[in-house]
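This report walks through one protein structure step by step, beginning with the whole chain and ending with individual side chains. Please keep the sequence and the 3D view at hand while reading.

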Amino acid sequence: MKYSLFAVLSALSSFTTAQEDDGLIRMKVMKRSNHEMVAQHLERENKALLMALDAKNNPADITLVASSASLRGAQPSFEEQLAVAQGKSESVTIKDYSNAQYYGVLEVGSPPQSFTVIFDTGSSNLWVPQINCKNCGYWFMNGGKHKFDHSKSTTYVADGTDFHIQYGSGDVKGSFSVDDVTLAQDIVIKGQKFAEVSDAGGLGMGYTLGKFDGIMGLGFAGLSLGNAETVFKNAMDQGLVKEGKFAFALGDNKEGELTFGGVDKSKFKGAITWVKLEEPKYWQITLDNVSAGSYSSGKTNGIVDSGTSLITGPSLEIQKIAASVGAQANLLGQYTIDCSKLSSLPNLDFTINGKAWSVPGKDLVIQSGGTCLFAMMGMDIPTGPKWILGDVFMRKFYTVFDYENAQVGFAEPTY
């Protein structure tokens, strides 16, 4: 594995003191800049446009395949994006890690090997790439990917069970292993089952261009492949955390913080509003209503998902909201809006347990230079949640995930 100086410095700066006097485990969560997100979006849009032109000139060369929805999905292929744009498919993958904005560092093995991961409440497995992994990035893109070498770990135990996820754009394959996982430098989870990925082709350019090596799922065991217990549940069972809670304080254009073992009272004011989960699988809750301007959804549901940057909803509903504010769809199924309209955008309100949680209109845009991406996107999941409350929502509130009591909490932030 080739480590760039940037990657090494990022890893070293990403750790914090494991436990302070309050018994909490704090980890820095870094944010990818809006400029990087917009630049990558424009690059993908240009590629999609070229593909669309090629499809028009050579229709026989393009096979359009409707993707199946998957909470463990990744970036749809450009063929699928084109199918959606042309109205030939309404089903797209729910996860697009190319849009992921927040990431942090954990370690695997003894001595520890560092990996940059997305802390993802929308999935449950931990996986990192192994040495000789195919389609696992290139050294000239963000310094390449950190890859796990189990031959260098004295605590590694072979498992060998196949790890195989079918993403909308292809397969991600590997095998399960068991080793120690370290959070915040010295909180060591013993005997963690995780996956070593040998081929990440199914993640497409979202992974190649992304600043992350792997994923640490923070969902429930019901989402986990291979009957692998989650890292956080193992930390609870091994007595490494004070309480069965973790919380995000996401920074806006600055670092955020992920706290394991309870809540950081300095990060919020007032009381936490607790909402029971519909089912302890996803962090899925009932939404009394979703509204913006004249739009109103009525009773629905959604998941609170740290691994999704945007707010997503049913395609037809997002189309209504986008049309009402003058946002225009592009070939990728994402919307852009005239930057001069930001001051007139209505708030987006999620009414939960009778209380409205508002995202101001100005915060529904990811802006860089003269480009403004509308931070809402259509996603149709036939048997899954209707809405995804991603990082755009979570940035506005201190968000607590209570594993023991199967509930999620929101509070007014102080940061």
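## The chain as a whole

Among the contacts in the protein between residues at least 6 apart in sequence, 70% join residues that are at least 24 apart. The model behind this value is a predicted one, and it holds seven helices together with 26 strands.

Of the 415 residues of the protein, 60% count as buried. The accessible surface comes to about 16300 Å², and 50% of this area belongs to carbon and sulfur atoms.

Strand E3, which spans residues 113-120, is mostly covered, since eight of its eight residues are buried.

Strand E3 takes part in both kinds of pairing, running antiparallel to strand E2 (residues 102-108), to which five bridges join it, and parallel to E8, to which four bridges join it.

## A four-stranded open sheet

Another part of the protein holds an open sheet of four strands in the order E15-E14-E20-E21, with antiparallel pairing. Strand E15 (295-296) and strand E21 (355-359) stand at the edges and have a single partner strand each, so one side of each is left without a neighbour in the sheet. E15 pairs with strand E14 (residues 289-292) over two bridges in the antiparallel sense, and Tyr295 in E15 is the bridge partner of Ala292.

## The nonpolar cores

The largest nonpolar core has 78 residues, and the members that touch the most other members are Met216, Phe260, Ile311, Phe350, Trp387 and Phe393. Strand E23 (residues 371-378) gives the most to this core, with six residues. A second, separate core has 16 residues, including Trp127, Phe163, Ala200 and Phe212.

Leaving aside residues up to four places away in sequence, Ile311 touches, among others, Leu348, Phe350, Val359, Leu364, Trp387 and Phe393.

## Aromatic pairs

The structure holds 23 aromatic pairs. In one of them, the rings of Phe246 and Trp283 have their centres 5.9 Å apart and their planes at 90°, so the pair is edge-to-face. Because Phe246 lies in strand E9 (residues 245-249) and Trp283 in strand E13 (residues 283-287), this pair ties together parts that are 37 residues apart in sequence. Phe246 and Trp283 are both buried.

Phe248 and Phe401 form an aromatic pair that is also edge-to-face, with 5.9 Å from centre to centre and 85° between the planes. This pair links distant parts of the chain, with Phe248 in strand E9 and Phe401 in strand E25 (residues 398-402), 153 residues apart. Phe248 counts as buried because its relative accessibility is 2%, and Phe401 is likewise buried, with a relative accessible area of 0%. Ring pairs link Phe246, Trp283, Phe248 and Phe401 into a cluster that also includes Phe220, Phe232, Phe260 and Tyr403.

The side chain of Ser224 is joined to that of Asn125 by a polar contact of 3.3 Å.

Val263 is found in the loop between strand E10 (256-260) and strand E11 (268-276). Not counting residues up to four places away in sequence, Val263 touches Leu24, Phe268, Ile272, Tyr398 and Val400. The C-alpha atoms of Val263 and Ala249 are separated by 10.0 Å, and these two residues are 14 residues apart along the chain.

Technical notes. Residues are numbered from 1 along each chain as its sequence is written. This is a predicted model: local features need pLDDT of at least 70, side-chain atom pairs count only at pLDDT 80 or more; totals for chains, interfaces and linings use all residues. Side-chain values use heavy atoms; hydrogens and water are left out. Buried means under 20% relative accessible area, exposed over 50%, partly exposed in between (1.4 Å probe, protein chains only). Contact means heavy atoms within 4.5 Å. Accessible areas come from the Shrake-Rupley method with a 1.4 Å probe; for residues, only the protein chains shown count as cover. A polar contact is a pair of N or O atoms within 3.5 Å; within protein, one must be able to donate a hydrogen and the other to accept it, and residues adjacent in sequence count only if both atoms are side-chain atoms. A nonpolar core is a set of buried Ala, Val, Leu, Ile, Met, Phe, Trp, Tyr and Cys residues joined through side-chain atoms within 4.5 Å. Two strands pair if DSSP finds at least two bridges between them. Rings of Phe, Tyr and Trp (its six-membered ring) pair if their centres lie within 6.5 Å; planes under 30 degrees apart count as stacked, over 60 as edge-to-face and the rest as tilted.
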